[in-house]
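Subject: Structure handover

Hello,

Here is the structure I said I would pass on. My notes on it follow below.

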Amino acid sequence: MAFSLGSHFPFLAAYWQPVLLAALAAAVVHLLLERRRARTAAARPAPWRDESVSESAVDPAPPPPAEKTAARVPYRPARLGADEMVRRAEQFYRELNGRRSVRHFSREPVPRAAVEAAIRAAGTAPSGAHTEPWTFVLVESAEVKAAVRQIVEDEERVNYEKRMGAQWVQDLAPIGTDWRKEYLTEVPFLVLAFRHAYGVDERGERFTTYYNEISCHLACGLLLAALHQAGLATLTSTPLNCGPRLRRLLARPDNEKLVLLLPVGLPAADCTVPDFRRKPLDKIMAVC
Ligand code: IYR
């Protein structure tokens, strides 16, 4: 039996010209979009950044490379015996395993020097090209703490009621959080960690702060460990949508982006924490 387009596909037979045109147009649009995607990927201003990480700040083009030399010094850290190595590593693990996020603080003062030393410890973190892309703002003034709380509670109310969505709010139920943040005015200190999305030198010229996200996050991890080691309690709070307002309140420049807001002090006498367990080693380590 002879094949006839008209009897099998009457629509195509009648309208083959516009159908062909539409298919061609779709192919051209697809090609153009693909080319644009490839071009923007190639022109990404932060080539070290993993493609899966989104970045709101636009990084500037790096300045032409300048010849830099650094003197070298010997590095001879204490050489430990095997037993001592294990003993110290286990001791450090036990210390850190006692750390918990605290949401109920005492108003008791704590020594500012302890918090400053913890910030110095944070500043020992490794950073891309040793650019040290962080600023830790230490807040001790009651007025500034109250202003921080106002901004955070304003935004958190909208976060909990609108932005976060039902699932997120439900997932937080075991932690017992809501938009109210009394601890922000109860603690002796707040520490706000800002990441430098790019650097600005003494002449006002911008420079690239390579791997600034991970550098800052490493510094924040050291800060948590140092505070805990000093017997201080904190909470790794990341107030959604508060960054720009807090940055302006604290008079930080445009290149600094809020990473963490840490209340620092002592737990309230009646402080409780959720009875969470940590994963055992065989669930967090794979050996090859
Ligand atoms: N930043 C909010 C919400 C929050 C989100 C997560 I994920 C937590 O683990 C805890 C809280 C707040 O501080 O309440």
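Leaving aside residues up to four places away in sequence, Ile151 touches Cys242, Arg245, Leu246 and Leu249. Please bear in mind that the model is predicted. Ile151 itself belongs to helix α5, which runs over residues 142–163. Is Ile151 buried, exposed or partly exposed? Ile151 has 18 other C-beta atoms within 10 Å, so the residue counts as partly exposed; 20 or more would be needed for buried, and 12 or fewer for exposed. The C-alpha atoms of Ile151 and Pro239 are 9.6 Å apart, although 88 residues separate the two in sequence.

Pro239 also takes us to the ligand. The residues around the ligand are Glu156, Leu172, Ile175, Thr177, Ser237, Thr238, Pro239 and Leu240. Sorted by class, this shell consists of four nonpolar, three polar and one charged residues.

I looked at the pairing of α4 with α8 in more detail. The two helices pack at an angle of about 145°, and their axes are 7 Å apart. The crossing of α4 past α8 is right-handed. On the α4 side the contact involves Ala118, Ile119, Ala121 and Ala122. On the α8 side, Ala219, Cys220, Leu222, Leu223, Ala226 and Leu227 take part. By class, the contact has 10 nonpolar residues, with no polar and no charged ones.

Finally, some totals for the protein. There are 10 helices and six strands. The protein has 288 residues, of which 23% count as buried. Among contacts with a separation of 6 or more, 80% are between residues 24 or more positions apart.

Regards

How values were computed: Residues numbered from 1 in each chain as written. Predicted model: local features only at pLDDT ≥ 70, side-chain atom pairs only at ≥ 80, totals over all residues. Near = placed C-beta within 6 Å. Nonpolar A, V, L, I, M, F, W, Y, C, P; charged D, E, K, R; others polar. Axes fitted to C-alpha atoms, helices over the stretch in contact; angles between N-to-C directions. Helix = DSSP H or I, 4+ residues; strand = E, 2+ residues; numbered from the N terminus. Left-handed = near helix turned anticlockwise from the far one by under 90°. Contact = placed C-beta atoms within 7 Å.
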